[in-house]
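Let's walk through this structure together, starting with its rings and then moving on to its helices and loops.

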Amino acid sequence: MTLPSARTCFLLGFLFCAALLAAALYFQFSGGLEPCPLCISQRIMVLAVALVFLAAAIHHPASIGIRTYALLGTAVALGGASISGRHVWLLHLPPEEVPECGPGLSYMFRNFPLGDTLKAMLSGTGDCAKVDWTFLGLSMPAWVLICFLGLGAFSLLQWWNAER
């Protein structure tokens, strides 16, 4: 079995990321699940992977460009996986070790220095240790971690697709 062209694969990766973001918005606005700081950071990373894939699909580069986009997409996906991994780790902490809940992000952006707000977005708060949704026994951050790892592998697979 051969892979479709790199352009098609990058477009499919973009569409998958768009579906992930659409699902996140659905859960937020229809399901009433408010995103925590780590959830928002993961959304930003999904958007970043989507933009890499979209740029690669539009650019339709030659072999070296495909490899460059493949490595960039993998790196960004692994960055997202590290945020998701931290979130999963927080979910499994004993209750006494969970960080304290902080103020909402909108309040933090208005009243705290940007560095402190970004630190909270990437390290998480007590809000991030609450499991609101599961599917097949896995929490949403665990599913997002699986998606990031899959996206990273799919992006790296394009390295070999560049040889065609």
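How many aromatic pairs are there? The rule takes the rings of Phe, Tyr and Trp (its six-membered ring) and pairs them if their centres lie within 6.5 Å; planes under 30 degrees apart are stacked, those over 60 are edge-to-face and the rest are tilted. By this rule the count is four aromatic pairs. One of them joins Tyr26 and Phe27, an edge-to-face pair with 5.8 Å from centre to centre and 70° between the planes. Phe135 and Trp143 also pair: their ring centres are 5.8 Å apart and their planes meet at 45°, so this pair is tilted. Ring pairs also link Phe10, Phe53 and Tyr69 into a cluster.

A word on what you are looking at: this is a predicted model, in which local features need pLDDT of at least 70 and side-chain atom pairs count only at pLDDT 80 or more, while totals for chains, interfaces and linings use all residues. Residues are numbered from 1 along each chain as its sequence is written, and side-chain values use heavy atoms, with hydrogens and water left out.

How open are these rings to the outside? Burial is judged by relative accessible area with a 1.4 Å probe and protein chains only: under 20% is buried, over 50% is exposed, and anything in between is partly exposed. Phe27 is partly exposed because its relative accessibility is 22%. Phe135, at 45%, is partly exposed, and its partner Trp143, at 25%, is partly exposed as well.

Now step back to the whole chain. It has six helices and two strands; these are DSSP runs numbered from the N terminus, with helices (H or I) of at least four residues and strands (E) of at least two. Along the sequence they follow the pattern α-α-α-α-α-β-β-α. Of the 164 residues in the chain, 37% are buried. Contact means heavy atoms within 4.5 Å. Among contacts between residues at least 6 apart in sequence, 82% join residues at least 24 apart.

Follow helix H2 next, which covers residues 37-59. The expected span of a helix is 1.5 Å times one less than its number of residues. For the 23 residues of H2 that gives 33 Å, and the end C-alpha atoms are 33 Å apart, which agrees. The buried residues of H2 include Leu38, Ser41, Gln42, Met45, Val46, Val49, Val52 and Phe53. As a reminder, an α-helix has 3.6 residues a turn, so residues three or four places apart point the same way. Phe53 is also a member of the ring cluster with Phe10 and Tyr69.

Helix H3 takes in residues 63-91, with Gly65 among them. Gly65 is buried because its relative accessibility is 14%.

Leaving aside neighbours within four places in sequence, Thr74 is in contact with Gly152, Ser155 and Leu156.

Finally, look at the loops. Most residues other than glycine have a negative phi. His60, in the loop between H2 and H3, has a positive phi of about 50° although it is not a glycine, and is partly exposed at 46%. Leu136, in the loop between E1 and E2, has a positive phi of about 55° and is exposed at 68%.
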